[in-house]
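Here are my notes on the model, point by point. Please read them with the structure open.

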Amino acid sequence: VIVGWQVYALTKDVFALGMIGLTEALPFIAVSLFSGHVADTFNRKYIIVFFSFLFIIVTSFLLYFSFDSTGVLKQFGTFPIFISIAFIGIIRGFISAAYPSFMSQIIPRSVYANAATWNSTVWHIASVVGPSLAGILIAINYSTAYMVDISFLILALIAFLFIKSKPLLIKEKTESLFESLSAGIKFVFKNQLILGALTLDLFAVLFGGAVALLPAFADEVLHAGAVELGFLRAAPAIGAVIMALIIAYKPPTKNAGRNLFLSVGTFGLATICFGLSTNFYVALFFLFLTGAFDNVSVVIRHTILQLSTPDNMRGRVSAVNGIFIGSSNEIGAFESGITARAFGVKPSIVLGGILTILVVVLTARLTPKLRKLNIDHL
């Protein structure tokens, strides 16, 4: 939220918002397969702790750049911000491979679907509080916002240190780096359930990236400021939290495949309605719906991924998942920036929602196993 608003304030260019996503995605993709190999070779907790510390260091540079007295941004423009974002992409590449793999080590298989729901709930609660708080802090100044951000990163790192470390399973045979990387890719592409779920989410996130354009949408369409932007960013997370509480009570596992396609299709429809809205509260409502239905697909996809993957492959499969899903957020932001510059902010969002629905229809036809999936049978 801070970086998006700061870059847009400096450039007033929707393409710059898209470039934030691409600048993070390319380094993320570049290291993802290697980071999956690392997560299946070294202690996953140590990987997360080390790269979380690096995350704090890079965010501290963003704080330094934000002080007016340094004159860094006046001299170099947004370039130092984009360099920092590129390093964050590398850091996220390693964390995204190690974190879900470590989570599956410390949670019993029998309760993983429920655990994935609560994990998603806690994450989305933070996503509600974070953007709302960011909007208020940005209204003070960027330096204050970054200082609070760093404080939370430090608290997260300290909390993680209290989780007990888990040893990796001993590998039956030694693999070369190339064999290790190719094994993860082959596993994903031979499994119709995993490949179908990842493909569906990849294109839904890629085309439905309305959130990336929120600074421009808030400014140009809704004529709103930083505080309102914070609430707009928080709306999908509020929807996700409420939906998470519902599916924690009534898990969407029995007809998981059908529920997955319906939720992603409704996400696309809500994205279209958001793009057509001109009222702040109407926009909030449809963003709320995007988050609610997106969370159903998140829980189902995570559960399929972990229950269908052996422990010694989880780092590499998580890395492939990161390429499909994690980077698609940023590449989706880049795609949104390009289409917004070409057609305007509103048409870009509406077009993304339409393409998301088309992807749902196509994927449902091509993946019958996923369409008929009952997670209780995995």
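**Notes on the predicted model**

1. Start with phenylalanine 34. Its relative accessibility is 40%, so phenylalanine 34 counts as partly exposed. The cut-offs are these: buried is under 20% relative accessible area, exposed is over 50%, and partly exposed is in between, with a 1.4 Å probe and protein chains only.

2. A word on the basis. This is a predicted model, in which local features need pLDDT of at least 70, side-chain atom pairs count only at pLDDT 80 or more, and totals for chains, interfaces and linings use all residues. Residues are numbered from 1 along each chain as its sequence is written, and side-chain values use heavy atoms, with hydrogens and water left out.

3. Phenylalanine 34 sits in helix H2 and phenylalanine 94 in helix H5, so the pair ties together parts 60 residues apart in sequence. Helices here are DSSP runs (H or I, at least four residues), numbered from the N terminus. Rings of Phe, Tyr and Trp (its six-membered ring) pair if their centres lie within 6.5 Å; planes under 30 degrees apart count as stacked, over 60 as edge-to-face and the rest as tilted.

4. Phenylalanine 94 is buried, at 10% relative accessibility. Phenylalanine 94 also pairs with phenylalanine 51, and this pair is stacked: 4.4 Å centre to centre, 5° between the planes. That pair links helix H3 (residues 44-66), which holds phenylalanine 51, to helix H5, and the two residues are 43 residues apart. Phenylalanine 51 is buried too, with a relative accessible area of 12%. Phe34, Phe50, Phe51 and Phe94 form one aromatic cluster.

5. Now the charged pairs. Side chains of opposite charge can pair when their charged atoms come close. A search of the whole structure finds 3 salt bridges. The criterion is a side-chain nitrogen of Lys or Arg within 4 Å of a carboxyl oxygen of Asp or Glu.

6. Glutamate 24 bridges to arginine 92, with the closest N and O atoms 2.8 Å apart. Glutamate 24 lies in helix H2 and arginine 92 in helix H5 (residues 79-106), so this pair ties together parts 68 residues apart in sequence. Glutamate 24 is buried at 11% relative accessible area. Arginine 92 is partly exposed at 24%.

7. Aspartate 40 bridges to arginine 44, again with closest N and O atoms 2.8 Å apart. Are these two buried or exposed? Aspartate 40 is buried at 6% relative accessibility, and arginine 44 is buried at 1%.

8. Lysine 12 bridges to aspartate 219, with closest N and O atoms 3.9 Å apart. Lysine 12 is in the loop between helix H1 (2-11) and helix H2 (14-39), while aspartate 219 is in helix H10 (residues 214-221), 207 residues apart. Lysine 12 is exposed at 54% relative accessibility. Aspartate 219 is partly exposed at 28% relative accessible area.

9. What surrounds H10? In H10, 6 of the 8 residues are buried, so this helix is largely enclosed by the rest of the structure. The buried residues are Leu214, Pro215, Ala216, Phe217, Ala218 and Val221. They pack against H1, H2, helix H11 (226-249), helix H12 (256-276), helix H13 (280-307) and helix H15 (345-366). Just after H10, histidine 223 takes a positive phi of about 55°.

10. Look closely at phenylalanine 217. Leaving aside neighbours within four places in sequence, phenylalanine 217 is in contact (heavy atoms within 4.5 Å) with residues including Leu222, Phe274, Ala283, Val345 and Ile349.

11. The largest nonpolar core has 66 residues, and Val3, Phe217, Leu222, Leu232, Phe274 and Val345 have the most contacts inside it. H5 gives the most to this core, with 10 residues. Such a core is a set of buried Ala, Val, Leu, Ile, Met, Phe, Trp, Tyr and Cys residues joined through side-chain atoms within 4.5 Å.

12. Last, H12. Of its 21 residues, 15 are buried, so H12 is largely enclosed by the rest of the structure.
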